[in-house]
Amino acid sequence: MNLDMREPVAERLGVLETAALLRELTAGLIALSDFDEALLALVRVTRDAVAGVRWCGFTALRAGEPAGVAASDERLAGLDDLRHGPDSPAMSAIRRREMILAADLAGERRWPAWTARARDLGVRGAISAPVDIDDQVIGAINLYAAAPDVLTPQHQLTAMLLAEHAGLLLAAVRDRGRQVALAGERDASMLQDGVVEQAVGVIMTQRGCAPAEALDVLRTAASSLDIPLREVAERLVRTVSRQRDN
């Protein structure tokens with residue numbers, strides 16, 4: 001990948017700053033299972049951590065779904081939203097599978113409509129880097145500057161590292177999301193079992209908790225006793241029935 005090697009006019013990002021950004025992203029996204037929530041965390045952390053970047057956005061293309069967008073500043077969300085037109089640095093990065101630099105939008109001719117909107121919003125420079133997430137989702141992370149020629153070769157290197165790291169983190173978020181969805185389906189299936197449903201009802205009454213929490217109580221007991229969850233439910237229901245009979 002060719003990086004523009006002009007002398008920087010803004011504070012140069014160092015290795016430590018980039019490493020700190022990647023650590024902060026990992027900490028912020030590691031436990032998330034909602035993809036859109038993760039995108040929002042990604043753009044906000046990046047905006048706050050990268051010197052010279054005033055705004056950050058993300059454009060996501062999901063197979064069979066509308067394009068997704070996240071923006072650190074809602075006012076600029078339209079710059080990352082493909083519903084406002086397909087010609088943008090983000091789409092160029094996605095199509096060409098390479099980083100796109102627009103150091104000074106004053107002379108930019110590649111995306112005339114997008115550039116006019118960006119300049120009206122105060123954007124004067126942009127970097128878009130492609131992000132590979134999984135077989136179903138690709139995207140681009142977009143860094144915006146409020147002054148021309150602020151985005152340096154170090155910003156380009158940071159964007160490249162950020163895109164690689166974000167792709168791995170977002171893929172993990174999607175995996176966790178799928179696992180949560182599957183767990184929800186399994187829970188729904190379990191709750192259709194009469195005995196389990198009764199046991200869940202007993203726990204909810206005793207603890208004043210929600211069905212999901214009651215089911216977790218049964219799971220914990222089954223794991224501790226090393227017996228099937230349904231057997232735990234049967235024992236609980238029998239115990240409660242005896243108490244009522246007495």
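In which sense do strand β1 and strand β5 pair, and over how many bridges? Select residues 55-62 for β1 and 137-145 for β5: the two pair in the antiparallel sense over 8 bridges. Strands count as paired here if DSSP finds at least two bridges between them.

A word on ground rules before moving on. This is a predicted model, so local features need pLDDT of at least 70 and side-chain atom pairs count only at pLDDT 80 or more, while totals for chains, interfaces and linings use all residues. Residues are numbered from 1 along each chain as its sequence is written, and side-chain values use heavy atoms, with hydrogens and water left out.

**Stop 1: the sheet**

Show all the strands next. There are 5 in an open, antiparallel sheet, ordered β2-β1-β5-β4-β3. β2 (68-71) and β3 (100-102) stand at the edges with a single partner strand each, so one side of each has no neighbour in the sheet. On average, neighbouring strands are turned by 15° against each other, direction ignored; axes are lines fitted to C-alpha atoms, for helices over the stretch in contact, and angles run from 0 to 180 degrees between N-to-C directions.

Colour β1 by accessibility and you'll find it mostly covered, with 7 of its 8 residues buried. Buried means under 20% relative accessible area, exposed over 50%, and partly exposed in between, using a 1.4 Å probe and protein chains only.

**Stop 2: the helix on the sheet**

Select residues 35-49. That's helix α2, which packs on the sheet and touches β1, β2 and β5, its direction making about 150° with that of β1. A contact means heavy atoms within 4.5 Å.

Zoom in on Thr-46 in this helix. Is Thr-46 buried or exposed? It's buried, at a relative accessible area of 0%. Leaving out residues up to four places away in sequence, Thr-46 touches Leu-21, Leu-25, Cys-56, Ile-141, Leu-143 and Leu-162.

**Stop 3: the largest pocket**

Select Pro-130, Val-131, Asp-132, Ala-163 and Glu-164: among the 13 lining residues of the largest pocket, these lie nearest its centre. β4 (125-132) and α5 (153-191) are the elements giving two or more residues to the lining, and α5 has the largest share, with 5. By class, the lining has 8 nonpolar, 1 polar and 4 charged residues.

The pocket's volume is about 220 Å³. On a 1 Å grid over the protein atoms alone, a pocket is an open set of points with protein on both sides within 12 Å along at least five of seven lines, and lining residues have an atom within 4 Å of a point.

**Stop 4: a loop cysteine**

Jump to Cys-209, in the loop between α6 (194-207) and α7 (211-225). At 10% relative accessibility, Cys-209 counts as buried. Beyond residues up to four places away in sequence, Cys-209 touches Ile-203, Met-204 and Ala-214.

**Last stop: zoom out**

Show the whole cartoon: 8 helices and 5 strands. Helices (H or I, at least four residues) and strands (E, at least two) are DSSP runs, numbered from the N terminus. Of the 246 residues, 43% count as buried.

Terms used: On a 1 Å grid over the protein atoms alone, a cavity is a set of points where a 1.4 Å probe fits but cannot get out, and a pocket is an open set with protein on both sides within 12 Å along at least five of seven lines; lining residues have an atom within 4 Å of a point. Grid points are joined across faces, edges and corners, and a volume is the space filled by probe spheres set on the points. Ala, Val, Leu, Ile, Met, Phe, Trp, Tyr, Cys and Pro count as nonpolar, Asp, Glu, Lys and Arg as charged, and the others, Gly among them, as polar.
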